[in-house]
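This report covers a sheet, a helix and charged side-chain pairs. Please keep the sequence and structure in view while reading.

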Amino acid sequence: MANPSSASPASREPQALSSSDGATTARPGERSTPYASNVMRFLESVGISNPIPDNYSSEDFYSDFLCNHLKTDTVRRGHITCFTTVKPSILNSMGGLHGGVIAAISERVAIATARTVVGEDKELFLGELAMSYLSSATINAELIVDGSVVRSGRNTTVVAVEFKMRKTGKLVYSSRATFYNSPIAKLWTSPY
């Protein structure tokens, strides 16, 4: 009699793991990895299957949410300084400022900074946003968010955004955004 563990991988039955709500982690014909149950437990522990509250579904919730966490300090040509405080609503599961929030704040500050040098007659398109997560900001940490134009030309504008701890000045996150500038009239022409 052959040993069951010596059977070829193709002849084994696919295994499907179920979460608490009966959803499976493997598609028909695929095998689950040994780590699938651990991943499912982690996702459930951070609320992946929880319903989305109604107030999070409102129009432009994202903008209102970010603006409540970001306070403008100074605005001058090519430079913007803002402050933010790490609150429980923007923490990740490890207790630090969530990486998505950092990227979203970087994008908003970069757009505002670019607007200080790019005229309203041109539309800005984000072509690239590069993030560096150097350290972590924990709950109630106050951060200084500095946006500055690195270079701006006829077609592109590059903005650097730095997040520093307000008390120590330690750099914790940085980003660089590249925007494409295009006159509004040239953005789209009808094929008709």
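## Charged pairs

Lys164 is partly exposed, with a relative accessible area of 27%. In this predicted model, Lys164 forms a salt bridge with Glu162, and their closest N and O atoms are 3.6 Å apart. Glu162 also counts as partly exposed, at 33% relative accessibility.

Searching the whole structure gives two salt bridges. Arg166 forms one with Glu142, where the closest N and O atoms are 4.0 Å apart. Arg166 sits in the loop between strand 5 and strand 6, and Glu142 in strand 4, so this pair ties together parts 24 residues apart in sequence. Arg166 is partly exposed, with a relative accessible area of 42%, and Glu142 is partly exposed at 38%.

Six strands form an open sheet in the order 1-2-4-5-6-3, with antiparallel pairing. Strand 1 (71-76) and strand 3 (122-133) are the edge strands, each pairing on one side only. On average, neighbouring strands are turned by 20 degrees against each other, direction ignored.

Strand 4 (residues 142-152) and strand 5 (residues 156-165) run antiparallel and are joined by nine bridges. Val145 has Phe163 in strand 5 as its bridge partner.

## The helix on the sheet

Helix 3 packs on the sheet and touches strand 2 (79-85), strand 3, strand 4, strand 5 and strand 6 (171-183). The direction of helix 3 makes about 140 degrees with that of strand 3.

Helix 3 (residues 99-115) has 17 residues, which at 1.5 Å a residue should span 24 Å; its end C-alpha atoms are 24 Å apart, in agreement. Its buried residues include Val101, Ile102, Ile105, Val109 and Thr113.

Technical notes:
Residues numbered from 1 in each chain as written. Predicted model: local features only at pLDDT ≥ 70, side-chain atom pairs only at ≥ 80, totals over all residues. Heavy atoms only, no water. Helix = DSSP H or I, 4+ residues; strand = E, 2+ residues; numbered from the N terminus. Expected span 1.5 Å × (residues − 1). Buried < 20%, exposed > 50% of the residue type's maximum accessible area, 1.4 Å probe, protein only. Pairing = 2+ DSSP bridges. Axes fitted to C-alpha atoms, helices over the stretch in contact; angles between N-to-C directions. Contact = heavy atoms within 4.5 Å. Salt bridge = Lys/Arg side-chain N within 4 Å of Asp/Glu carboxyl O.
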